Amino acid sequence: MFPSLPFFTGQVISAPFKRAQLGLFQGKTKQYGNNVPFSKHKTRRTWLPNIQSKRFFSEALQEYIRVKVSTRALKTIKKYGGIDQYVLRTKADLLGWEGMRIRVVVRERQEANAVVQQQLPTSQQPAVQAAS
């Protein structure tokens, strides 16, 4: 037999559900099953995830991000406290292409903001109140 490893080098392996890569779906994909009536004559059908189009305010970017999101991901975004924390703390395989794109943009902006904060003199930095 020929080794299969060189066959896959340089090729992009397609995802099983490409639509899931175009938004924040939190691992939800198309499901398959049967309609089973009283006659027991089964017919195939599919169930799509509950997808909503939402806009979230990104603290790092200081602007709204419009994205397709599953209701499961919406619940997790709310739990993490915003879109920035969600994309930074979620595993890459659950984010998909769109989530990873947002993660890169947010990280770059956070790093740029950190550099700007370090370059400012201490008199211009916002004052942090000490807890008494």
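Trainee: Which residue forms a salt bridge with E98, and how far apart are the closest N and O atoms?

Mentor: The general idea is that side chains of opposite charge can pair when their charged atoms come close. In this structure, which is a predicted model, E98 forms a salt bridge with R101, and the closest N and O atoms are 2.8 Å apart. The structure holds one salt bridge.

Trainee: Where do E98 and R101 lie, and how many residues apart are they?

Mentor: Both E98 and R101 belong to helix 4, where they are three residues apart, or about one turn of the helix.

Trainee: Does each partner count as buried or partly exposed?

Mentor: Here the cut-off matters, since a residue is taken as buried under 20% relative accessible area and as exposed over 50%, with partly exposed in between. E98 counts as buried because its relative accessibility is 17%, whereas R101, at 45% relative accessibility, counts as partly exposed.

Trainee: Which residues of helix 4 are buried, and what do they pack against?

Mentor: The buried residues of helix 4 are L95, G96, E98, G99, I102, R103 and V106, and these buried residues pack against strand 3 (51-58), strand 4 (63-70) and helix 3 (83-89).

Trainee: How far is F25 from G99, in sequence and in space?

Mentor: F25 and G99 are 74 residues apart in sequence, yet their C-alpha atoms are 9.1 Å apart in space. F25 sits in the loop between helix 1 (5-8) and strand 1 (31-35), and at 2% relative accessibility F25 counts as buried.

Trainee: What pattern does the protein chain follow along the sequence, and what share of its residues is buried?

Mentor: The protein chain has four helices and four strands, arranged along the sequence as α-β-β-β-β-α-α-α. Of its 132 residues, 25% count as buried, and among contacts between residues at least 6 apart in sequence, 37% join residues at least 24 apart. The accessible surface of the protein chain is about 10400 Å², with 54% belonging to carbon and sulfur atoms.

Technical notes. Residues are numbered from 1 along each chain as its sequence is written. This is a predicted model: local features need pLDDT of at least 70, side-chain atom pairs count only at pLDDT 80 or more; totals for chains, interfaces and linings use all residues. Side-chain values use heavy atoms; hydrogens and water are left out. Buried means under 20% relative accessible area, exposed over 50%, partly exposed in between (1.4 Å probe, protein chains only). Helices (H or I, at least four residues) and strands (E, at least two) are DSSP runs, numbered from the N terminus. Contact means heavy atoms within 4.5 Å. Accessible areas come from the Shrake-Rupley method with a 1.4 Å probe; for residues, only the protein chains shown count as cover. A salt bridge is a side-chain nitrogen of Lys or Arg within 4 Å of a carboxyl oxygen of Asp or Glu.
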